[in-house]
Amino acid sequence: MKEKIKKIGKWPSLPAIALLAILFVYNGVLNPGFFKKSTFFTFLLSSTPMICIVIGVCTCKIVGGIDISLGNLLSLINVTMAYLFSSSDMAAPVIILIGLLIGLGGGLLNGICIGVLRVNPLLATFATSPVYWGLALWIMPTPGGYGVPRELISFVNKTHFGVLPTAVAALAILVILWLLYMKSIYGISIYGIGGNEQSAYVSGMNVARSKVLAHVFGGFCAFVGGLVATGLIASGDPNIGTEFSLKAVTAVVIGGVALSGGEGDVWGALAGGFFLSTILIAIISSKVPTFAQNFANYSIMLCGLVLAVVIKLGAEYYRTRAKKKQSEEVRQ
Amino acid sequence: MSLRCESISKHYGSVIALEDASIEVERGEIRALLGGNGSGKSTLAKVIGGIITKNSGKVELDGTEVHFESPLEAKRQGVVVASQELSLFHNLTVEENICACSLPRKFGAALDRRKMRRMALEVLDKLELREMIDVPMRDLPANQKYMVEFAKTLVQKPKVLILDEITSPLYKEDVQIVKHVMYELRDEGCIILFISHWMHELFDICDSVTVMKNGVTLSTYRINETNEYQLLSQMTGISEEELERRNHVLKQGVEEAGKEHDGRTVLLDVQGMKLKAFDTEVSFTVREGDFVGLAGLQGHGQSDLIRQLYGLSGHTAYAFKGKPFECASAQKAVKSDMAFLSGGRTGEGIYPDRSIAENVKSVGNLVVKKPIKKATEVLNAYGVKYNGLPNLKITSLSGGNQQKVVVARWLATDPKLLLADDPTKGIDVQARYDLHRSFIDLANRGSGVVMVFSDDEELVELCRMTPNSRVIIMYEGRISKVLTGDDITVENIIAYSFN
């Protein structure tokens, strides 16, 4: 039992979950309507596309890289599907399949640049990101494409069994996939490569494959996010995902995923993601003047980031101190 | 199973790491590879294990030639390397680390946690380390990491096992455990290549030994048909009788040498200072104008000593310039007229994004407040070839010239004590010669110079050129021998390095 508590105390995702809880309580006190089912579900739904990107970024970060192109990839998927729904007579499943292929293809391109050609992940996705965005703008220069089928819209906004909105189910699917992958033998490689790439190579792990897979999974996350976004806004918007990319990176860091890789998990990333999307609601319910909202929003984000880093440093300090003590005891 | 290597060579640019290595090992044999620093043992190990690719030569397993392009391919054939550089993951647990190369699966790709635990426990039991199975690797003390590295190879059921100096940091009891496991493997027919600097370990554990020197395999002996002096003689080229005689001299005491100092004042006085990395004590003095070289096998505390003196390992106390001196940071050391040169040029030397002039001014202008007015004068004085363009980025210069800029930066501030950790690493001959001149000039001007060199020949050459030179040889974090005058020879350094 004591062991278990100790283990939870060392869990890198814990600070983010605590932060999220505090923000939830704050919101609940200030704005009792927040936890009303309909309000809360709307909040969950509107956060879902960004959280999908967070899960993708979290995976790429654990393997030691980063992906800042997923937000724009999501935009590309969104506008392509909206465009095809509006101005072609393809069947809806075919269009969704095309969306999926764009997601996987975009992820694969990132993965090949990073894993096979060994381009620095930040640079590689910094380059592919405007490519996806540019394509999206080319397909749809301004928001439009209002031919998204009613079935898709109502499906995304539907709540199953009274407790499970479709969009949240989509998140659940991503989380389950993530867990399955990380519990497989490849999961250990992902963490291993993130921890020490040279060791992973010498240990005979397939470094390139793991990296490509992580980014393909990121592309899949962008597809799921893009599908949900299309249902939510019932149209296409080439700018919808642009700000998700960097927000997702922030969320992942707040969520305790190490910048250098090899540490953290999807739970922390989720908490970090929801933390970011809750901030805005907290600010609105605190009646911050409109023009100060951005300032307040990003200030809190900054605080979250700093807090996450400080907690990490603190943990590191205690760890080294405990280690020192232990080795001194051994010596005596 | 038999392993045969024929005329293997490996070059890194113009540096020859391995020139002509050939060995033949039969099943059930433990073969030691013995040689000084840079003799090519580790390179040979890495070539066999597929970690690096060879330039020429043949590796044969059971008579068929193999070409390993990656460690993975080598592992598939049962060739496994455990190396001093470790292949561990600090963010995983001991259990996951041990099984990382051979993860058991079920239902296709799912990880079989239960089997993994069984596998890990099986080897940990052998190594008597059962209780540390769930510890994260980063919480493990350094010496136990080497046990885990060893455990990791065992899980892979090796047919050819290469142990590259993993026993050096182990406690004696642990070495005995490793030895017994090695014997078990041998009895199962495994080939083991064992690299160690510890002579007594070789005689204790191995069946046969191959001596290497300068990337060439010289000769192979059955262990019971040879002795320490014969092996050392092979490595150094000194006759066995001479080695034996010198060994007696060594036993007569360490601090006898270095007595002549013709009244020069003591600059650095280290008495019983605790060497943190080894938990040993060292004592020595450096007088004005002294040139002291630190030698020994790599990793016996030379670099640690230099770095500790410079305040890079936290709080240290010794006497400097006749006063007790407490050094807690590099900044304090620099402000007290010390200088530090590192062979890690990009990491600890240059500012790669700044200009040549800025680099040469950095210490004088920013730290010790002895501003350098004209960078070009200093650059010319130290023979930096910069084509009259001091405002170019320093990275536009060759490695040797970059290091000259770093040296100029320090020496222009007139330090009383120069500490250097392998300052000429990876530098061409001409630049090396120019740097040597700078070091000698500094000593002649009355400053103290303490340096580590990984190249023994270079050290000897430098010592010959300075009047008050000494070589301190370190072994396991202790000063094992001090050489002066005509005793400073490459052969002596190697001989005493092995204690």
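**How chain B meets chain A**

User: Why is the pairing of B:Arg138 with A:Glu263 called a salt bridge?

Analyst: In this predicted model, the closest N and O atoms of B:Arg138 and A:Glu263 are 2.7 Å apart. The rule asks for a side-chain nitrogen of Lys or Arg within 4 Å of a carboxyl oxygen of Asp or Glu, and the pair therefore counts as a salt bridge. Across the interface of chain B and chain A, the rule finds 1 salt bridge.

User: Which elements of chain B give two or more residues to the side that touches chain A?

Analyst: They are helix 2 (71-76), strand 8 (110-111) and helix 5 (142-155) of chain B. The largest share, 3 residues, comes from helix 2 of chain B.

User: How do you know how many residues of chain B are in contact with chain A?

Analyst: Contact means heavy atoms within 4.5 Å, and by that cut-off 30 residues of chain B are in contact with 24 residues of chain A. In chain B, the residues that lose the most area to chain A are B:Phe89, B:Arg138 and B:Asp139, together 23% of what that side buries.

User: What is the area buried between chain B and chain A?

Analyst: The buried area is about 2,300 Å², of which carbon and sulfur atoms give 57%.

Methods. Residues numbered from 1 in each chain as written. Chains lettered and ligands numbered in written order. Predicted model: local features only at pLDDT ≥ 70, side-chain atom pairs only at ≥ 80, totals over all residues. Heavy atoms only, no water. Buried area = accessible area lost by both parts, 1.4 Å probe. Helix = DSSP H or I, 4+ residues; strand = E, 2+ residues; numbered from the N terminus.
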